[in-house]
Amino acid sequence: MPAASATRLIANGRVWTGAAPRPGIELESTAIAEQGGRIVAVAGIGELRRRYPAAAELDAGGRLVTPGLIDCHTHIVHAGNRAAEIERRLAGESYESIARAGGGIVATVRATRAATVQQLIDGALPRVDALLAEGVTTLEVKSGYGLELASELRMLQAARDIGRLRALTVATTYLGAHALPPERSGDSEGYIEQLCRELIPAVAASHLADAFDAYCERMAFSAAQVARAFEAARTHELPVKLHADQLSNMHAAALAARHGALSADHLEYTDAEGVAALAAAGTVAVLLPGAFHFLRERQRPPVELLRRAGVPMAVATDCNPGTSPMASILTAMNFAALEFGLSTAECLRGATAAAARALGLLESTGTIEPGKWCDLAIWNVAEPAELVQGIGMRPLHLRLWHGRPDR
Ligand SMILES: [Zn+2]
């Protein structure tokens, strides 16, 4: 019998499948059958033993079993560090003022342009490994610190390579409109023109990007400029997503919705109209409480409006060197609960099913259901809420990616 068709049963777990969109967290003492990396059945252990009498068994030891976690918004591939900025911000300077003075994103652009693919991989792997140690099985990685073709492609290549070096699904995003390249200072219209005419077509042709992203903000790009970039991206069959309404209300959530975006991310300043647009378009709201925390913001995203409108809310780390230096999805979930008021169930859904949807991957991962990849996290906790409550507790017992346990 070929190895690919060997069956494994994950037995004796208390399973949260994440499949039913109910408000609470219901655990089932069910078992999971895996074949060739995919879940083929979810049922009682007795029934699965009858159906697969030759199957090997992995004993979960009565532990909590959840879908593998998904970090759906990161800038985890980058070079250099911006540690000096925390000193300046603690002294009272704003992020916008640091960025305008050549710090911020542009500081990371200088370091990243000078790095090889291997240096980018070597720099990112410790951060990636920190996420894997918290049960992450799918990771989104954005470019956006090259802002010219060759270094954007190096970043995307590094992200793809990380997906081969680790037991992990990597979804790559070309963040072509992150900031104005320093050499194009004062010419954002010219850069957008080049983005649409040359950069987006070239990146699409490289097949290194799974989506396109932009930053709609006073210090980045206007709604009209982002709209042009989105049209070019969609012409080249790249799904779009947007850094929207983080520091001011740019009506960017509605813009993302108009373009059928997979997700609109940040959303601190999004108004009721923007929330209604997200709901109508089925666009996921990605909440990034790490950036809120590190920037010491006061304006919270409209969680109650999103909840009432039924907009799926994802939670991600936004792992980046300046505004969210955090490689911990569990900490992001903790901040989402304590800073933004998400329930523990919303936090868990936010780092599983909603995050999968934000990446266009809900068909293949994000819940424990037959047909999906067998991406699981098995936890040393008595209650699911412990995953949200604690910080630094290292609760993971075992991670499985495509059916393969880490040990
Ligand atoms: Zn971001």
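This is a predicted model: local features need pLDDT of at least 70, side-chain atom pairs count only at pLDDT 80 or more; totals for chains, interfaces and linings use all residues.

Visitor: Why is the site of the zinc ion called irregular?

Guide: The angles among its four donor atoms run from 80 to 168 degrees.

Visitor: What makes a residue a donor of the zinc ion, and which residues coordinate the ion?

Guide: A donor is an N, O or S atom within 2.8 Å of this metal. The NE2 atoms of His 73, His 75 and His 243, together with OD of Asp 318, coordinate the zinc ion at 2.0 to 2.7 Å, so they meet that cut-off. Along the chain, the spacing of the donors is H-x1-H-x167-H-x74-D.

Visitor: Why can one say that His 73 and His 243 tie together parts of the chain?

Guide: His 73 sits in the loop between β7 and α2 (84-90), while His 243 belongs to strand β11 (residues 240-244), so the pair links parts that are 170 residues apart in sequence.

Visitor: How do you know whether His 73 and His 243 are buried or exposed?

Guide: Buried means under 20% relative accessible area. His 73 has 0% and His 243 has 3%, so both count as buried.

Visitor: What makes the eight-stranded sheet parallel, and which strands are its edges?

Guide: The open sheet has the order β7-β8-β9-β10-β11-β12-β13-β14, and its pairing is parallel. Strands β7 (69-71) and β14 (313-315) are the edges, as each pairs on one side only. Neighbouring strands are turned by 25 degrees against each other on average, direction ignored. Helix α13 (residues 329-340) packs on this sheet, touching β7, β8 (136-142), β13 (284-287) and β14, and its direction makes about 80 degrees with that of β7.

Visitor: How do you know that β9 and β10 count as paired?

Guide: Two strands pair if there are at least two bridges between them. Three bridges join β9 (residues 169-177) to β10 (residues 211-216), so the pair passes the test. Thr 173 stands opposite Ala 211 in β10.

Visitor: What does Glu 140 touch, and why is this residue called buried?

Guide: Glu 140 lies in strand β8. Its relative accessibility is 0%, so it counts as buried. Leaving out residues up to four places away in sequence, its contacts include Asp 71, Cys 72, His 73, Thr 173 and Lys 241.

Visitor: Why is strand β3 described as largely enclosed?

Guide: Four of the five residues of β3 (residues 31-35) are buried, so the strand is largely enclosed by the rest of the structure. Four bridges join β3 to strand β1 (residues 7-11) in the antiparallel sense, with Leu 9 as the bridge partner of Ala 33. Strand β4 (residues 38-43) pairs with β3 over five bridges, also antiparallel. In the hairpin of β3 and β4, two residues lie between the strands, and Gly 36 takes a positive phi near 55 degrees.

Visitor: What makes both faces of strand β15 covered?

Guide: Leu 376 and Ile 378 on one side of β15 (residues 376-379), and Ala 377 and Trp 379 on the other, are all buried. Strand β6 (residues 64-67) pairs with β15 over four antiparallel bridges, and four bridges join β15 to β16 (residues 396-401), again antiparallel.

Visitor: How are helices α6 and α7 packed, and which residues meet there?

Guide: Helix α6 (residues 149-165) and helix α7 (residues 188-206) pack at about 35 degrees, with their axes 11 Å apart. Their crossing is right-handed. Leu 149, Leu 153 and Leu 156 in α6 meet Leu 199, Ala 202, Val 203 and Ser 206 in α7.

Key
Residues are numbered from 1 along each chain as its sequence is written. Side-chain values use heavy atoms; hydrogens and water are left out. Axes are lines fitted to C-alpha atoms, for helices over the stretch in contact, and angles run from 0 to 180 degrees between N-to-C directions. Contact means heavy atoms within 4.5 Å. Donors are N, O and S atoms within 2.8 Å of the metal (3.2 Å for Na, K and Ca); water is not among the atoms, so sites may look incomplete. Four donors count as tetrahedral if all angles lie between 85 and 135 degrees; four count as square planar and six as octahedral if opposite donors are over 155 degrees apart and all others between 65 and 115; anything else is irregular. Buried means under 20% relative accessible area, exposed over 50%, partly exposed in between (1.4 Å probe, protein chains only). A crossing is left-handed if the near helix is turned anticlockwise from the far one by less than a right angle, and right-handed if clockwise.
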